[in-house]
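Q: I have a new structure open and would like to talk it through slowly. Could we go over it together, one topic at a time?

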Amino acid sequence: MVNYLMTNKKLPAELPQAVNQQSRDGKISSGFPKHLIPKEARCKECDYVLSDPLLITAKGRILTTTGVVEGISTYRRSCLNCGVIYRYQELEDGVHNFDDHIILSLHLCLMIRNALQEADVLLRDTLEAARWCERQTFKGTVSLPSVIGMDGEDRITTLKELRCREDEEENILLKEPFMFPFQLQRDYEKFCVEAVDKKKMTVFTS
Ligand SMILES: [Zn+2]
């Protein structure tokens, strides 16, 4: 069953545009289904018929980027022969079933994923650029970003704050822990050629 879910029901790397759009509009048009019933009728393992849908909860919630849709019923079906259980997981409805109680709109899933990926890239590139700086000799002084010295939890908090920034002024402040401050223009240029031009890194400099 896990195999089946992994190959057929996991979130694809690229979602079809129409599915994403539908998910985005779902809340407004009340387009999300109220009853989430597995669409399978026969077992994928043994091809036997599945049981009638069995209610798991009538108090499920769909989380979207704009709010929460309450009162969602989720169902499971089981194979009457081998006992494999089928949960609801239909991406074309614009939702991702997290645990039968919490359901995420695909639009929300994508937002979370993008935020995580961006944060990941910034941290990875900042660490790599710092390692490169340590191997160089610069004419002036270069301090490494303060995020380098933080432990894992502080790094995540710092990234989260940067992600939730609201205005431009605050933005500069929150970028601070990721900054490579250069004293001399020529050092700054050397760094930019390597990190930005050559390696196409996401880094902040000042
Ligand atoms: Zn079966």
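A: Let us begin with a definition: a residue is called buried when its relative accessible area is under 20%, exposed when it is over 50%, and partly exposed in between. Please keep in mind that this is a predicted model.

Q: Okay, so is Cys46 buried, exposed or partly exposed?
A: Cys46 has a relative accessible area of 31%, and because that value falls between the 20% and 50% cut-offs, this cysteine counts as partly exposed.

Q: And Cys133, buried or exposed?
A: Cys133 has a relative accessibility of 7%, which is under the 20% cut-off, and therefore it counts as buried.

Q: How many disulfides are there, then?
A: The count comes to zero disulfides, where a pair of cysteine sulfur atoms would have to lie within 2.5 Å to qualify.

Q: Let's zoom out. How many helices and strands does the chain have?
A: The protein chain has six helices and eight strands, and, read from the N terminus, their order is α-α-β-β-β-β-β-β-α-α-α-β-α-β.

Q: How much of the chain is buried?
A: Of the 206 residues in the protein chain, 38% are buried. The accessible surface of the chain comes to about 12,500 Å², and carbon and sulfur atoms account for 53% of that surface.

Q: Now the strands. Which way do E2 and E3 run, parallel or antiparallel?
A: Strand E2, residues 54-63, and strand E3, residues 68-78, run antiparallel and are joined by six bridges. They form a hairpin with four residues between the two strands, and Leu63 has Val68 in E3 as its bridge partner.

Q: How is E2 joined to E6?
A: E2 and strand E6, residues 102-105, run parallel and are joined by three bridges, with Ile62 having Ile103 in E6 as its bridge partner.

Q: Switching to H4, what span should that helix have?
A: Helix H4 has twelve residues, 152-163, and at 1.5 Å a residue it should span 16 Å, which agrees with the 16 Å between its end C-alpha atoms.

Q: Which residues of H4 are buried?
A: Arg155, Thr158, Leu159 and Leu162 are buried in H4, and because they cover an arc of only 100° around the axis, they lie on the same side of the helix.

Q: And which are exposed on the other side?
A: On the other side of H4, the exposed residues are Glu153, Ile156 and Lys160.

Definitions and conventions: Residues numbered from 1 in each chain as written. Predicted model: local features only at pLDDT ≥ 70, side-chain atom pairs only at ≥ 80, totals over all residues. Heavy atoms only, no water. Expected span 1.5 Å × (residues − 1). Buried < 20%, exposed > 50% of the residue type's maximum accessible area, 1.4 Å probe, protein only. Arc of directions from axis to C-beta. Areas by Shrake-Rupley, 256 points an atom, 1.4 Å probe, with all protein chains shown as cover. Pairing = 2+ DSSP bridges.
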